Amino acid sequence: IEDTQKLEDQMDKILQLSRLERGGNLNPKAIELTSFVKTTLDRWGQRIEIDYKDEDQLPGVMADQFALMLVLRNLLENTRSHATTKRAKISISTENNNVKLTYQDDGFFDGDINRLGTLFYKHNSTKGSGIGLYLAKKLMLKMDGQLGIIHQNGSLIFELTFKSASEVEAE
């Protein structure tokens, strides 16, 4: 069952990558991020201890549901594959009229931070395909958001920044 799930994950990534590389579009709409993240964690966060925090009264965000699920699945998959204790911290907050999701685990990275997130870059890892972070960055850009990667003391912190739905409606 686990191998079948891994195969499904890879197929989803490859199909979405193909769609993006051919100029395909996403369908962003207003979603409530906290409930979406909790649902995604319930489905894809097995075998990971999650420390989750969010603010009260967060605005909705503009995102494509399938694309966002792939981004979150990739981060969880990376924790399962590369982190030593299988723990992750997730927080959601508002910042400058945007909504920011911060994801950090206890994985260690000593590769080229500037190449992280480029297609097929895996550093010294024998696991994965080198597609996941590349795809996550592309999907976030297509949703008019951003995936930032901070390298701090050997650990990586991923910051997903979304436009708030109320900000888009005001434009």
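At 48% relative accessibility, does aspartate 144 count as buried, partly exposed or exposed? Aspartate 144 comes out as partly exposed, where buried means under 20% relative accessible area, exposed over 50% and partly exposed in between (1.4 Å probe, protein chains only). Bear in mind that this is a predicted model, where local features need pLDDT of at least 70, side-chain atom pairs count only at pLDDT 80 or more, and totals for chains, interfaces and linings use all residues. Residues are numbered from 1 along each chain as its sequence is written, and side-chain values use heavy atoms, with hydrogens and water left out.

Aspartate 144 has a partner: lysine 163 forms a salt bridge with it, the closest N and O atoms being 3.0 Å apart. (A salt bridge here is a side-chain nitrogen of Lys or Arg within 4 Å of a carboxyl oxygen of Asp or Glu.) The count comes to 3 salt bridges.

Now look at lysine 100, which is buried at 12% relative accessibility. Its side chain meets glutamate 95 in a salt bridge (3.0 Å, N to O), and glutamate 159 meets lysine 100 in another (3.4 Å, N to O). Glutamate 95 itself is partly exposed, at 38%.

Over to tryptophan 44: arginine 73 lies over the face of its ring, at 4.0 Å from the ring centre. For that label, NZ of Lys or CZ of Arg must be within 6 Å of the ring centre and within 35 degrees of the ring normal.

Finally, glutamate 77 is buried too, at 14%. Glutamate 77 touches Asp9, Gln10 and Lys13, not counting residues up to four places away in sequence; contact means heavy atoms within 4.5 Å.
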